[in-house]
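Hello,

Here is the structure for you to look over. My notes follow below it.

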Amino acid sequence: MAKRFKRRRDGRVVARLEDTEIALMARLFADVQQLLEPDVAAVVPSWATELGLDDLAGDPDRAARPPDDTALARLLPDARRDDPQAAAEFRRFTERSLRERKREAHRTSLDVLSTWADDLDATQTMTTAQAHAFTTALTDVRLVLADRLGIETDADAEALHLREPEEGDPDDPAAWLAMVYDFTTWVQESLTDVLLSALPEQGDGRRTPPPV
């Protein structure tokens, strides 16, 4: 069973995940990374980017529309819900770069997990930068899971967390997704706590990271 993340004195973040948990998270990150693949019809050719003509290439109408997949729409939300036209213009110029930044976070996280999987006896560590990417990837995973589970509010998430295990059929995909959502939530909270512990306290100096 996974244990909470900690920070070493050298600044690296230490994880304690089992091989099955590493494999599960790698699968989740890879699935979301694939979901974030650019929409081919809205992709801007390289020649247009080089000439500064991003807005004249590809399918501008397609690039300005929110994704049809509701989970992807959570990952790439409208910037302005009160102004559809402004939201469409903003999306047309920013969605491609947002997708790539998110995909880069998943690539970084998958590289970390691959390193851990290659040597299960070694100490599982990552840099602060990798930990931030890991947190971003976990956020994306949880957004997708929340969409698939129909979680819209904090109350929905709380009800899912409090549900008794015997209420769900172990062969029910929704029950499995609920357990995965709960697990990834715990992992993200643990990692976020470690990252926040290194921030300066208000009106005080920098906290000393807790030793392992």
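**Strand pairing**

Start with Lys-6: its bridge partner in β2 is Val-14. Bear in mind throughout that this is a predicted model.

Strand β1 covers residues 3–7, strand β2 covers residues 13–16, and three bridges join them. The two strands make a hairpin, with five residues between them. Look at Gly-11 in the turn: its phi is positive, about 95°.

Strand β2 has a further partner. Three bridges connect it to strand β3, residues 124–126, and this pairing is antiparallel too. Here Ala-15 stands opposite Gln-124 of β3.

**Salt bridges**

How many salt bridges are there? The count comes to 15.

Is Arg-103 buried or exposed? Arg-103 counts as buried because its relative accessible area is 11%, under the 20% cut-off. Glu-37 is partly exposed, at 39% relative accessibility.

The Arg-103 and Glu-37 pair also belongs to a network of salt bridges. Its members are Glu-37, Glu-100, Arg-103, Glu-104 and Arg-107.

Next, Glu-89 and Arg-92. Their salt bridge has its closest N and O atoms 3.1 Å apart. Both residues lie in helix α5. They are three residues apart, about one turn of the helix. How accessible is each partner? Glu-89 is partly exposed at 37% relative accessibility. Arg-92, at 23%, is partly exposed as well; the cut-off for buried is under 20%.

Then Asp-147 and Arg-148. Their side chains meet in a salt bridge of 3.2 Å, N to O. Asp-147 is buried, since its relative accessibility is 15%. Arg-148 is partly exposed, at 42%.

**To recap**

For a quick look, go to the hairpin of β1 and β2, then to the bridges from β2 to β3. Finish at the salt bridge of Asp-147 and Arg-148.

Best wishes

Notes: Residues are numbered from 1 along each chain as its sequence is written. This is a predicted model: local features need pLDDT of at least 70, side-chain atom pairs count only at pLDDT 80 or more; totals for chains, interfaces and linings use all residues. Side-chain values use heavy atoms; hydrogens and water are left out. A salt bridge is a side-chain nitrogen of Lys or Arg within 4 Å of a carboxyl oxygen of Asp or Glu. Buried means under 20% relative accessible area, exposed over 50%, partly exposed in between (1.4 Å probe, protein chains only). Helices (H or I, at least four residues) and strands (E, at least two) are DSSP runs, numbered from the N terminus. Two strands pair if DSSP finds at least two bridges between them.
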